[in-house]
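Here are some notes to read alongside the model.

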Amino acid sequence: MSPSHSVSTSASPATLTIHDHFSSNQRPKPLHSLENDTFRLLILENISQEAVNTFRSAGHRVDHFSTAMTEDELVEKIGSYHAIGIRSKTKITARVIKAATKLLVIGCFSGIPVFNSPFSNSRSVAELVMSELIALSRQLFERAYELRTGVWNKQSKGCWEVRGKTLGIVGYGHIGSQLSVLAEAFGIRVLFHDVLNIMPLGSARQVESLPALLAESDFVTLHVPELPETTNMISHQQLAQMKKGAYLINNARGRVVDIPALIGALKSGHLAGAAIDLNDWASTLQMLPNVILTPHIGGSTEEAQRMIGEEVSQALTRYLGYGSTLGAVNFPEVDLRAIAAEQETQIRVCHVHKNQPGVLRQVNEVLSPYNVEKQYSESKGDVAYLMADIADVSPTDINKLRELINGTNANILTRFLA
């Protein structure tokens, strides 16, 4: 199987259609693993109770801890779990993976799909940017600190309303577009730059180049992933292209901004202020006026954490119970239309394998005595994933199918759901 190649032997939608939802003949059949009676899940770092409830309502056994675990603790415990849900403090190392002999899936709130929830915190980040934008324009942090230290410094020089100013958004995705709507509600003119042509929301306007955005904006905010092409995308040249007295806000990744160059622009007075994530240059930045430092708290709200818990737990439950990998970040995204409740003799084959030529031929030879109702395959890098629904399979057949598919030279992990 060649990279990025997908095969479908049956034209069927990957998700339920309107007809599927409303037709009594399409009631989905609850599927259960034929390898495990119940799945055991390890949930760490105080992930929301809603996520735990979702897992338990699906019949899974859940061990829920409020703190992270060290590598040694994980190595000791992970061998008895089929899934783990974590946040940013827990590190899943190669040593942990080696000890995770039963692990099927990782949720971030190898042959192991990893699910996260990249959009649940979008509103929280957008609101943080708006608060930073106003705090910078009013020098709010400076005045608050001065008053706490006994200095009464009531002044208006260098303090501005945000109404009528221009905000430049670099990256108009889920966060950037929500921020655009919030900013316009404050009377702010919005420009944005993105590598894709995107339909603007409200009165926002897309500009063709980053230099054009920098030259027009009173505030510049960054919402891009950390990639080789975005590392230090804001450096000496770009800072010089910004208006004198402008502000830079970075709630993306720290390496997107050349911090020494930013320090120079702040010290020279070319920029009036900045709001950025805490990083290795924190000690220098702490000494500069009108600089807001935050420890990566963009998504740290109760609402965002609840939504993250709900979305990731639902994704893990879909994978464990139905084989769906939609939303996986390191794994081919594959889904099949649900098996109807009336189709009692159908089973689902979930086959994770090495991405190499000849695999589909081998698997289809194994499945050839049966009617393949639906089949879909996708690859990502060195790993490929095949889902197939086959009919008229007896319990004896399942053991034979398992033995034959597990015996193929590309097999990584095969599960049967019925």
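1. Start with H296. This is a predicted model, and H296 is partly exposed in it, at 46% relative accessibility. The residue sits in the loop between strand 13 and helix 12. Its phi is positive, about 55°, although H296 is not a glycine. Most residues other than glycine have a negative phi.

2. Compare N290. Phi of N290 is also positive, near 55°, and N290 is not a glycine either. Its loop runs between helix 11 (282-285) and strand 13 (291-294). Is N290 buried or exposed? N290 counts as buried, because its relative accessibility is 6% and the cut-off for buried is under 20%.

3. Helix 10 and what follows. In helix 10 (residues 259-267), the buried residues are I259, A261, L262, I263, A265 and L266. After the helix comes G269, with a positive phi near 85°.

4. H353. This histidine belongs to strand 14. H353 is buried, with a relative accessible area of 0%. Look at A410 too: 57 residues separate H353 and A410 along the chain, yet their C-alpha atoms are 5.3 Å apart.

5. The helix 5 and helix 7 pair. Two packed helices are described by the angle between their axes and the distance between the axes. For helix 5 (residues 122-137) and helix 7 (residues 174-185), the axes come within 8 Å and cross at roughly 50°. The two helices are therefore oblique to each other. The crossing of helix 5 past helix 7 is right-handed.

6. Residues in that contact. Helix 5 contributes S122, R123, V125, A126, E127, V129 and M130, which meet H174, I175, Q178, L179, L182 and A183 of helix 7. By type, the contact has eight nonpolar residues, three polar and two charged.

7. The largest nonpolar core. How many residues does the largest nonpolar core have? It has 30, and L41, L320 and Y385 make the most contacts inside it. Two or more residues each come from strand 2 (40-43), helix 2 (49-57), helix 12 (302-322), strand 14 (347-354) and strand 16 (383-390). Helix 12 gives the largest share, six residues.

8. L41 and the second core. Leaving aside neighbours within four places in sequence, L41 is in contact with F55, H60, R61, V62, D63, Y81, A83 and L320. There is also a second, separate core of 29 residues, with L214, V224, V257 and L262 among them. L262 is also one of the buried residues of helix 10.

Conventions
Residues numbered from 1 in each chain as written. Predicted model: local features only at pLDDT ≥ 70, side-chain atom pairs only at ≥ 80, totals over all residues. Heavy atoms only, no water. Core = buried A, V, L, I, M, F, W, Y, C linked by side-chain atoms within 4.5 Å. Buried < 20%, exposed > 50% of the residue type's maximum accessible area, 1.4 Å probe, protein only. Helix = DSSP H or I, 4+ residues; strand = E, 2+ residues; numbered from the N terminus. Contact = heavy atoms within 4.5 Å. Axes fitted to C-alpha atoms, helices over the stretch in contact; angles between N-to-C directions. Parallel < 35°, antiparallel > 145°, perpendicular 65-115°, else oblique. Left-handed = near helix turned anticlockwise from the far one by under 90°. Nonpolar A, V, L, I, M, F, W, Y, C, P; charged D, E, K, R; others polar.
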